[in-house]
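Q: Could you take me through this model, one topic at a time?
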Amino acid sequence: MDFATDQSVINKDASQNAASPILEVKHLKKSFGDLHVLKDISLELNAGEVLSIIGPSGSGKSTLLRCLTQLETFEAGEVRVDGKDMVIPGSCNGGNIKYAPAKILREIRLSTGLVFQNFNLFPHLTVLQNLTLAPIRVLGVAREDARETGRRLLKQMGLEGKEKSYPCELSGGQQQRVSIARALALKPKILFFDEPTSALDPELTGEVLKIIKQLAEDRMTMVIVTHEMAFARDVANKVLFMDQGIVVEQGTPEFVFNQSQNKRLSAFLERFSRT
Amino acid sequence: MSELSTLLPILWGGFCTTLAIFALTLLFSIPLGLLVAVLKMSRYRIIRYPVSFYISVMRGTPLLLQIVAIYFGSYYLSEYAGVDFSFDRFPAVIVAFSINYAAYFAEIFRGGIQSIPKGQYEAAYMLGLTRAQTFYRIILPQVVKRVVPASANEVITLVKDTSLAQVIAVTELFALAKKQQAAYASIYPLFVAGVFYYVANLLLSMVFAYVERKLNYYK
């Protein structure tokens, strides 16, 4: 499989509008007890762009994703998703952060999808039920419409005919594609991926990466934490390198992978090219 | 064999009482057990501690004693409090069995609930499901599958435990068989009663095997 086609990336850059970013993170800090996992994270992402987050294990990449998707709380900083503030602006000056009302947080949550490393599909539901549960129960979509959307998404994921299968009957790559479809079924504004291929065999990794590339070509806004360096470079408009809870380097893939002189980054990339 | 034709109708009457204790105990103890399990996992100590105490007493003392305590205890308590209330024999048995079995079921259910991976909750949360939807649509169906084998054990034990009801003179199967033992001057009626228990549990085992197979549609 060939991921080195830069065509899609160029197209995206050309058609970018100058509206305010769909995701804004300012000075985000997070600790577990005495351990400062995220020290001062800021980033911006425009609609239709793809951000890859790379860095060594324990650098805080997954924690950052979990903060942005509200699976963890953070102690300081601001996060704005599609114009909605996750914390009340200016509330964290005194050190005591105040989150937005539950209703706003829920709206934000529904506009952000998350694809987990180990899929977390619902094992007792069929593939199609996994896809339709939330649209029907949460958004109130009519059952038939939800099923129609579900079938369309499965087709897009190359999983036609798997509607009635249970997750345990699918390969890891197929399960991950179902979980991508499940997230897409709620029509999120931003889709987050937490190491989507780390639980997969190398031969199954490709089919998932191909799907994510397709989404990028369809101008889905995505934030992807990954250890697949070639993929991180090819799919993204922006790459962010984290180490020990800080953003060490960020910029275009060309800059981060080829031009940056940062020592920690080149040591990290060096390690990867050797393996 | 003429003995058997007079014995069977008598024992059948006792078996119906046994079945009634069995069915009513399940009816009350399973929902109560689920409630107790959820309360035991409460984040508030003021809820958790009393519930733990209740479970430890129910599991730590003989059911026989609990039946006696409910029956006579309620009588003495009401006398002491000056209210006119006490359990009849049969309801006392049902109450004692229900709160006893609820404690055991609660621990089985708690184990089942806690064995569901955290990722299931996180996935449900990201999809916007409410806490109630998450519990009833995602967690509980998976818990049911996991607790069926352990629950089958309890249910089968219950069939045999019903014989404890005779301690407050409820005439269930075993109590009647003992009476007949005296009348016949033979342990033969006890063996016939044993066959009743065995057949009932054989049927139950088959039901549970069927349910387990049915729930095996996913791993």
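A: Let us begin with A:Glu195, which counts as buried because 21 C-beta neighbours lie inside 10 Å. A residue is called buried if 20 or more other C-beta atoms, placed from the backbone, lie within 10 Å of its own, exposed if 12 or fewer, and partly exposed in between. This is a predicted model, in which local features need pLDDT of at least 70, side-chain atom pairs count only at pLDDT 80 or more, and totals for chains, interfaces and linings use all residues. Residues are numbered from 1 along each chain as its sequence is written, while chains are lettered from A and ligands numbered from 1 in the order in which they are written.

Q: Where is A:Glu195 found, and what is its phi?
A: A:Glu195 is in the loop between β7 (190-194) and α7 (202-217) of chain A. Its phi is positive, about 45 degrees, although A:Glu195 is not a glycine. Helices (H or I, at least four residues) and strands (E, at least two) are DSSP runs, numbered from the N terminus.

Q: And B:Ala169, buried or exposed?
A: B:Ala169 is exposed, with 9 other C-beta atoms within 10 Å. It lies in the loop between α6 and α7 (173-184) of chain B, and it has a positive phi of about 65 degrees without being a glycine.

Q: On to the interface: how many residues of chain A are in contact with chain B?
A: 20 residues of chain A are in contact with 16 residues of chain B, where contact requires C-beta atoms, placed from the backbone, to lie within 7 Å. On the chain A side, α3 (102-110), β6 (112-115) and α4 (127-137) each supply at least two residues. By class, that side has 12 nonpolar, five polar and three charged residues. Ala, Val, Leu, Ile, Met, Phe, Trp, Tyr, Cys and Pro count as nonpolar, Asp, Glu, Lys and Arg as charged, and the others, Gly among them, as polar.

Q: Why is α4(A) described as largely enclosed?
A: Eight of the 11 residues of α4(A) are buried, so the rest of the structure largely encloses this helix. Among them are A:Val127, A:Leu128 and A:Asn130. The buried residues of α4(A) pack against α5 (143-156) and α6 (172-184) of chain A, together with α6 (131-161) of chain B.

Q: How do α4(A) and α5(A) cross?
A: Their axes come within 9 Å and cross at roughly 130 degrees, which makes α4(A) oblique to α5(A). Axes are lines fitted to C-alpha atoms, for helices over the stretch in contact, and angles run from 0 to 180 degrees between N-to-C directions. Angles under 35 degrees count as roughly parallel, over 145 as roughly antiparallel, 65 to 115 as roughly perpendicular and the rest as oblique. The contact of α4(A) with α5(A) has eight nonpolar, three polar and two charged residues.

Q: What about α2(B) and α4(B)?
A: The axes of α2 (residues 45-60) and α4 (residues 89-114) of chain B come within 9 Å, crossing at roughly 115 degrees. That makes α2(B) roughly perpendicular to α4(B). Residues of α2(B) in this contact include B:Tyr54 and B:Ile55, and those of α4(B) include B:Ile99 and B:Asn100.

Q: What is the secondary structure of chain B overall?
A: Chain B has eight helices and zero strands. Of its 219 residues, 29% count as buried.

Definitions and conventions: Two residues are in contact if their C-beta atoms, placed from the backbone, lie within 7 Å.
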